[in-house]
Amino acid sequence: MNLDRQSPEGLPAPQPRPGFANCPVVLLITAGSCVVWLVWIRDMPAWDSPLARWMVLKSGDWRASAVFLHPFFHDHILHLAGSLAALIVAGRALESQWGSLRFGFFYVFVAALSAVVAMLIEVLAGTTARSETQLLYFGGGAPALASLAVFSWVGDPEEGVFRFVSRRHLIWAVILLGGTGLMLIDPDYAGYRVELLPQVSGLLFGLVSVLLIPVVDRQLLRLELRRRRNEEERVTRIRQRVDLLLDKISTAGIDSLSPEERSFLRHASKHFKRP
């Protein structure tokens, strides 16, 4: 027996580290983003190419497909690497803790909200902010930043990295320094660029999620407890009526049952047994 896999008596076994095998949503997003990137650089299409039309939000051309597909599209290797690095670090931990369905909903919901922010910016500012080019919005920065923001608060956020630096401090330092570095390194970000605002909105959505998730969990728990209580009461009522009918049969015979009572007893016998 492998002693390294044993845990002390009375203590739960250590949870396996999150990997791609048990994080299919993160794997799908990572693989999909890389495939889209390879197609983009191989064909070197223009912004009016079929790929860009279906996956990039543009001012005056808000396609429903791009609202949900834009997180897979990246036009720069730094953009792709940064989004996927944040997703791999934070997304795997969240998906392992929440489950794939919940994390997938969180990712899609934040991506859709960031698209709404981009639309509002275009409506409020128009193309005057960048009159020389069309406003474009794409990339998985918003859900990746939201995942990092939530990840910095879940689990053990005060886990020490250095003497005076916790994991939460380190994550937020990487977010701030990484964003600043991107604006300094990439010449496309040298000036004021409104496309950054929807990406940064992911931080806000992540922080709001930190506050809302416990509230949602409590409400879901209450609904589940209420459902279980109602089910237990229903089962108790059925058992009580079954007992009464069986007592009636023992005293007056089965012919004393009405057609409705016979039907009820026949259906109840498929699911319940008298103790």
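**Salt bridges and surroundings**

Author: By the rule used here, the count comes to 6 salt bridges, where a salt bridge is a side-chain nitrogen of Lys or Arg within 4 Å of a carboxyl oxygen of Asp or Glu. This is a predicted model, in which local features need pLDDT of at least 70 and side-chain atom pairs count only at pLDDT 80 or more, while totals for chains, interfaces and linings use all residues. Residues are numbered from 1 along each chain as its sequence is written, and side-chain values use heavy atoms, with hydrogens and water left out.

Reader: Which residue forms a salt bridge with Arg 227?
Author: Glu 224 does, and the closest N and O atoms are 2.8 Å apart. Both residues lie in helix H8, 3 residues apart, about one turn of the helix. Helices (H or I, at least four residues) and strands (E, at least two) are DSSP runs, numbered from the N terminus.

Reader: Which residues are linked with Arg 227 in a network of salt bridges?
Author: The network links Glu 224, Arg 227 and Arg 228.

Reader: And what does Arg 234 pair with?
Author: Arg 234 forms a salt bridge with Glu 231, with 2.8 Å between the closest N and O atoms. Arg 234 and Glu 231 are both in helix H8, 3 residues apart, about one turn of the helix. Arg 234 is partly exposed at 37% relative accessibility, and Glu 231 is partly exposed at 34%.

Reader: Which residue forms a salt bridge with Arg 241?
Author: Glu 260 does, the closest N and O atoms being 2.8 Å apart. This pair links distant parts of the chain, since Glu 260 is in helix H9 (residues 259-269) and Arg 241 is in helix H8, 19 residues apart. Glu 260 has a relative accessible area of 45% and is partly exposed; Arg 241 is partly exposed as well, with 29%.

Reader: Why can such side chains pair at all?
Author: Side chains of opposite charge can pair when their charged atoms come close.

Reader: Let us step back. How many helices and strands are there?
Author: The chain has 9 helices and 2 strands. From the N terminus on, the elements run α-α-β-α-α-α-β-α-α-α-α. Of the 275 residues of the chain, 37% count as buried.

Reader: How many residues of helix H6 are buried?
Author: In helix H6 (residues 141-151), 10 of the 11 residues are buried, so the helix is mostly covered by the definition given above. Among the buried residues are Pro 143, Leu 148, Val 150 and Phe 151.

Reader: Changing topic: what is the volume of the second largest pocket?
Author: The volume of that pocket is about 310 Å³. On a 1 Å grid over the protein atoms alone, a pocket is an open set of points where a 1.4 Å probe fits, with protein on both sides within 12 Å along at least five of seven lines; lining residues have an atom within 4 Å of a point.

Reader: Which residues of its lining are nearest the centre of the second largest pocket?
Author: The lining has 14 residues, and Phe 105, Phe 106, Phe 109, Ser 209 and Ile 213 lie nearest the centre. Helix H5 (100-125) and helix H8 (196-252) are the elements that give two or more residues to this lining. H8 gives the most, with 7 residues.

Definitions and conventions: Points joined across faces, edges and corners; volume = space filled by probe spheres on them. Buried < 20%, exposed > 50% of the residue type's maximum accessible area, 1.4 Å probe, protein only.
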